[in-house]
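Please look through the following model with its ring contacts and one of its helices in mind.

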Amino acid sequence: MHVVGIVLVLVVLATTVATFARRLRMPAPSLLVLAGVGAALIPGVPALHVPPQIIGMVVLPPLLYSSAEELSLRDLRTVWRPVTILSFGLVFASAAAVGFTAVAVAGLPPAMAFVLGAVLSSTDPVAVTALGRRLALPGRVQVLVQAESLFNDATSLVLFKVAVGIAVAVGASVSVPAAVGEFLLLGGGGSLVGAAVAGLVWLVRRRTTDPVLETVIALVTPYAAYVLAESVHTSGVTSVVVAGVLLGRSGHRLTDAHIRLQLNAVYAVVVFLLESVVFSIVGLELPTLVHDLPAGTGLWPLQALALAAVLIAVRVLSTLPLTRAVKPTQGRLSWRVAGVVTWAGTRGVMPLAAALSIPLATDDGTKLAGRPLVLVLTTAVVVFTLVVQGLTLAAVVNRSGLALEPEHTAREEDDARDALNRAALDHVDRLAELETLPDTALDRVRRGLTARLDRTPETPDGTTADAAYRQLRHEIIAVQSTELHRLYDEHRISDTTRRRLQHDLDREEAALGTP
């Protein structure tokens, strides 16, 4: 009951914070972290200790899966080179820089400093996606930030396991071949498991038309990918990401409009609840961890600030030469893109879960020196990035000049709608020549499409036979959906526009009922 009560309180707190965040136009994750810290400082609030298994097994899979589904595979193909370099080179560079800094300013043993560097070396996909939803970034820049945060897990996870192995084993040495082999096992094996799960789910969903079963399958998929990968000692996170990317690209072909609308609604609720709870936990954990610090570690705020500054500096130096590959317009200075990519690289839930999983003792049974300080520094850096970078990210994007203007997005959406309506009118004209449907149904649909093109209100006409009209409208929506994906594949519209218009088509089709 104690755990259930805490979860209910967190949900109520998150709902309240999210409401104020929308009114204030501020990122909810940043305010949730602050609310968590504030709640933990209230006298009488019990200390919160969250097992890392709970975060890894319950919270992360659906959040990672949802983030991966939102990733545009089309845009990912255009930025795979910088994403690959950042997922490897930046992770190693960040881990090394943090490790050396932790030894110099925090006095950590080298082995534990290496552990801290591995924990903080990668950005967090949950936090990046949650913060990025409210920004109007160009497609390639958004995909670069989101894809890097999704795919750098395998590298940081290998570094973390190697670092922990050295820290807990007395007299251990680093084996480069062993580390490479472990990386291939974690990353490659996780990718194979994720692809296999995606293929199996694709086959099952093709033959499923029940909305309840479809919803259950969609909710179980990320957990299945994670558990299967972990059971064969590969990366569960990588498996979930790969499964989400593959299924997200083909999701519109596996289900009908009713099911897609239901899945979107269910996943929106699940993601909101899990994100709310997990970001609140980050804030609640910090005062508890600080309380457990040993004497002589009172300078941890300055040490955490130094580590955060090092991470930002390394990220700037690493992203600057790569961002020329994702320039949204000709003549745009690459340092603007580098600034946005750097400031969007927040840390979040995954570093905290990794830090909490550090063993308590070495192999010979002695207490692992430096573990409490590593936990505090990790959580402090996470809180700093979520609060400072999260609250100022919109301002950085606006100052960079990269944000898409609302007029640009609205114009693109209007042009796409016109293209869909023109394709539908052409189809109606072809049907009229075939004389296979009543003229009244054809005329009613034609008037409606023409009114949309002319931006005039549609006038309902109840004289048309309902069955013939519904059949024709379903056919027209199918034509518009095909045209929508053609525009997207030809790079004429963004992924955001595609998703928004597909959602509108789904709502229209669901309102028509069965043809």
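The model is predicted: local features need pLDDT of at least 70, side-chain atom pairs count only at pLDDT 80 or more, and totals for chains, interfaces and linings use all residues. Residues are numbered from 1 along each chain as its sequence is written, and side-chain values use heavy atoms, with hydrogens and water left out.

Helices here are DSSP runs of H or I with at least four residues, numbered from the N terminus. α11 covers residues 211–231. A kink of about 35 degrees lies at V220, shortly before the proline P222; the bend is the angle between axes fitted to the seven residues ending at a residue and the seven starting there. Buried residues (under 20% relative accessible area, 1.4 Å probe, protein chains only) of α11 include E214, P222 and Y226. After the helix comes H233, with a positive phi near 65 degrees.

The structure holds one aromatic pair. The ring centres of Y65 and Y267 are 6.1 Å apart and the planes are at 35 degrees, so the pair is tilted (centres within 6.5 Å; under 30 degrees is stacked, over 60 edge-to-face, the rest tilted). Y65 belongs to helix α3 and Y267 to helix α13, 202 residues apart. Both Y65 and Y267 are buried.

R444 lies over the face of Y469, 3.8 Å from the ring centre; for Arg, this requires CZ within 6 Å of the ring centre and within 35 degrees of the ring normal.

Conventions:
Phe/Tyr/Trp six-rings, centres within 6.5 Å; stacked < 30°, edge-to-face > 60°. Helix = DSSP H or I, 4+ residues; strand = E, 2+ residues; numbered from the N terminus. Buried < 20%, exposed > 50% of the residue type's maximum accessible area, 1.4 Å probe, protein only. Expected span 1.5 Å × (residues − 1).
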